[in-house]
Amino acid sequence: MMKFTKQNLIFLVGGIIIYVVDIGVDFWVASKYFCQGQYSWSILILCFRGLSSLITQIFSYEWFKNDSEGTDTGKPKWIFLVHLFQCGIFIRYWFALKYGCQAAFKQNSGDASETDPPNFIQKQAVDVVTDINMLRVFKTFLETTPQLFIQLYILMEHGKNNFCQYAAIIMSFCGISISTVDYQISLRKSLPDKDEFRVLPKLVYLFYKLLTITSWILSISLITLLSVRSSVILLIFLWTCGFTWTLKQHTTFCKSKRMEYLYRTVVGIILIFTFFNIKGRKTKLCISIYYATHTVVTLGILFVYMFWKPSIIMAIHFTIVSVLTILSLVLGIIFLVVYYRCFHPTAYCRPQVYSDEADGAAGQKDRVEMGRFQNFLMQ
């Protein structure tokens, strides 16, 4: 198991600051739209914020409840109230700072057992930060990515821009970038015998995710300009495909069936925007089909614009948007290939001979052997 270092602690503090700033920017942008009389955009932004907050609080509380099972202390009643008032993530950040400081400033030799007190603190720090990063993945694709789509769509539709729009777009890109990289760092730290996630692999992975997501969001924005109904139908179809695929994978992330179906529903939404390996198995065929489909749909949308809507093409500078869309897609796929050929730890892929019981989430008391993260989204 890798160590929780002072550098990790600095990034943790930075993540807290960005999280708070992101909340402020969301309410600021929503209030700006409301004051301008654009009530629908204001409500939509707040709805995405509320949905992501509700989902993350539900999962956070469920994990607190699962982790307290089999312990003498039980689950504190105030934990429920904190999550009810949508502040559960701040409790997790408090525990992360507490354990992170203890782990970062009390380094011990690497040959000690994980059951030794210093190494146990290291494990606690890694686990609590891992939980936060899982929740941030939910937030990224339930709130940040949809909000980026909304801002780009408004920019293309009206051709007007202001500082709050640019601030929201910049915060969205920062949120996606930090969330994806931190998630991958947590994956490396939580699984045994994995190499450290160095700077070059981080950059390659970041550009792969960021560029492919950007290209896809631009494509969806273009089809939304053509027809909102067509865009909604496409998104529902993509979610249905992702949800169905998740069902067929027989995921075992949650202990209860109700929470497992909620998890699969959220994963279906995530798969609209980017690919994740939800069972930690080799998915070369699946990822090839996924991005080949994205490429075909993107090219189809651009061809439709070329032959169907010349008036809109002039209004939104179609040439610039189409070049950005294709360039982002091509570069994103190049970074994807480079990452999987050079930097991806293929040992993440567990053999399929494992049964569902052995592959299931183990709970807090078994976290040394198999934590919940090992049944979460892999990549």
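Q: What makes Arg264 count as a charge over the ring of Tyr261?
A: In this predicted model, Arg264 lies over the face of Tyr261, 5.3 Å from the ring centre.

Q: Which ring does the charged end of Lys209 sit over?
A: That would be the ring of Phe276, with the charged end 4.0 Å from its centre.

Q: Why is the pair of Phe149 and Tyr153 called tilted?
A: Their ring centres are 6.4 Å apart and their planes meet at 35°. A pair needs centres within 6.5 Å, and stacked means under 30 degrees while edge-to-face means over 60, so this pair is tilted. Both residues lie in helix H5, four residues apart, about one turn of the helix. Phe149 and Tyr153 are both buried.

Q: How many aromatic pairs does the structure hold?
A: There are 24 aromatic pairs. Ring pairs also link a cluster whose members include Trp245, Phe275 and Tyr290.

Q: What makes the phi of Gln86 worth a look?
A: Gln86 is not a glycine, yet its phi is positive, near 65°. Most residues other than glycine have a negative phi. Gln86 is in the loop between helix H3 and helix H4.

Q: How do you know that His250 is partly exposed?
A: The relative accessible area of His250 is 48%. Buried would need under 20% and exposed over 50%, so His250 falls in between. His250 sits in the loop between helix H8 and helix H9, and has a positive phi of about 55°.

Notes:
Residues numbered from 1 in each chain as written. Predicted model: local features only at pLDDT ≥ 70, side-chain atom pairs only at ≥ 80, totals over all residues. Heavy atoms only, no water. Helix = DSSP H or I, 4+ residues; strand = E, 2+ residues; numbered from the N terminus. Buried < 20%, exposed > 50% of the residue type's maximum accessible area, 1.4 Å probe, protein only. Phe/Tyr/Trp six-rings, centres within 6.5 Å; stacked < 30°, edge-to-face > 60°. Lys NZ or Arg CZ within 6 Å of the ring centre and 35° of its normal.
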